[in-house]
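Here is a short briefing on one protein chain. Start with the view below, then work through the topics.

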Amino acid sequence: MLWIKAFHIIFMVTWFAGLFYLPRLFVYHAMSTDKLSNDRFIIMEGKLLFGIMTPGGILTIIFGIWLWLGYGYNGTWLSLKILCVIALILYHIYCIKFFNNFKKNINTRSHIFYRWFNEVPVILLILITLLVVIRPF
C-alpha cells in the first residue's frame, strides 16, 4: 500500500502544479492583446490542461480511492477531505470552461479576476494537508 500512497502523492503534486500554473497563464492571457500571444497561450494552456493536469487529477483520484479501499479510512477528516477534492474537481472544470472561452476568443474576465481565482487551490491544498496530517476529527 505504500506504493499506492506514493503514487497518490506524486500525481497529487502533478495535479496541483497545473492547478497553480494554469490560472497564472490565464492572468497573462487576459492581459495579452496580439494574436501571436493569444495563439501561444492557447497552446500552452491546452498542453498543461490536457497533458498534465487532467491525467494528474484522474490518477490522483484513482490512487486515492485505492488507498481508501485498501486502508478502510473513515472519519470526519476523510469526509471533509473528499469535499475539498470535489471542490478541486469543480475548480478543474471551471479551468476547462475558462480555457474554452479563451480558445473561442470570448473571455470576459479580467486579469485581476484570474489573480484571485488562482488562490482557490492554495486554500484547498492547505485544508487537505491539515486534514490528512493532523486528522482533527
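Is Cys-95 buried or exposed? Cys-95 is buried, because its relative accessible area is 0%, and buried means under 20%. This is a predicted model. The chain has 5 helices and 0 strands.

**Overall layout**

- Read along the sequence, the pattern is α-α-α-α-α.
- The C-alpha trace spans about 50 × 25 × 15 Å along its principal axes.
- The chain holds 137 residues, and 34% of them are buried.

- Cys-84 is in no disulfide, and its nearest cysteine sulfur belongs to Cys-95, 16 Å away.
- Cys-95 is likewise in no disulfide, with the sulfur of Cys-84 as the nearest one at 16 Å.
- A disulfide needs the two sulfur atoms within 2.5 Å.
- Cys-84 is buried, because its relative accessible area is 9% and the limit for buried is under 20%.

**Aromatic pairs**

- Tyr-91 and Phe-117 are both buried.
- Phe-117 also pairs with Phe-98, this time edge-to-face, at 5.1 Å centre to centre and 85 degrees between the planes.
- Phe-98 counts as buried because its relative accessibility is 2%.
- Phe-117 counts as buried because its relative accessibility is 11%.
- Ring pairs join a cluster of Phe-26, Tyr-91, Tyr-94, Phe-98, Phe-102, Phe-113, Tyr-114 and Phe-117.
- Phe-113, one of the cluster residues, has the charged end of Arg-109 over its ring, 4.3 Å from the ring centre.

**Salt bridge**

- Lys-35 and Asp-39 form a salt bridge, and their closest N and O atoms are 2.8 Å apart.
- Both residues lie in helix 2 (residues 35–71), 4 residues apart, which is about one turn of the helix.
- Lys-35 is exposed, because its relative accessible area is 58% and exposed means over 50%.
- Asp-39 is partly exposed, because its relative accessible area is 35%.

- Leu-90 counts as partly exposed because its relative accessibility is 46%.

- Ala-87 is in helix 3, and Ala-87 counts as partly exposed because its relative accessibility is 29%.
- Ala-87 and Gly-51 are 36 residues apart in sequence, and their C-alpha atoms are 21 Å apart in space.
- Trp-68 lies in helix 2, and Trp-68 is partly exposed because its relative accessible area is 41%.
- Trp-68 and Ile-86 are 18 residues apart along the chain, with 16 Å between their C-alpha atoms.

Note on methods:
Residues numbered from 1 in each chain as written. Predicted model: local features only at pLDDT ≥ 70, side-chain atom pairs only at ≥ 80, totals over all residues. Heavy atoms only, no water. Buried < 20%, exposed > 50% of the residue type's maximum accessible area, 1.4 Å probe, protein only. Phe/Tyr/Trp six-rings, centres within 6.5 Å; stacked < 30°, edge-to-face > 60°. Lys NZ or Arg CZ within 6 Å of the ring centre and 35° of its normal. Helix = DSSP H or I, 4+ residues; strand = E, 2+ residues; numbered from the N terminus. Salt bridge = Lys/Arg side-chain N within 4 Å of Asp/Glu carboxyl O.
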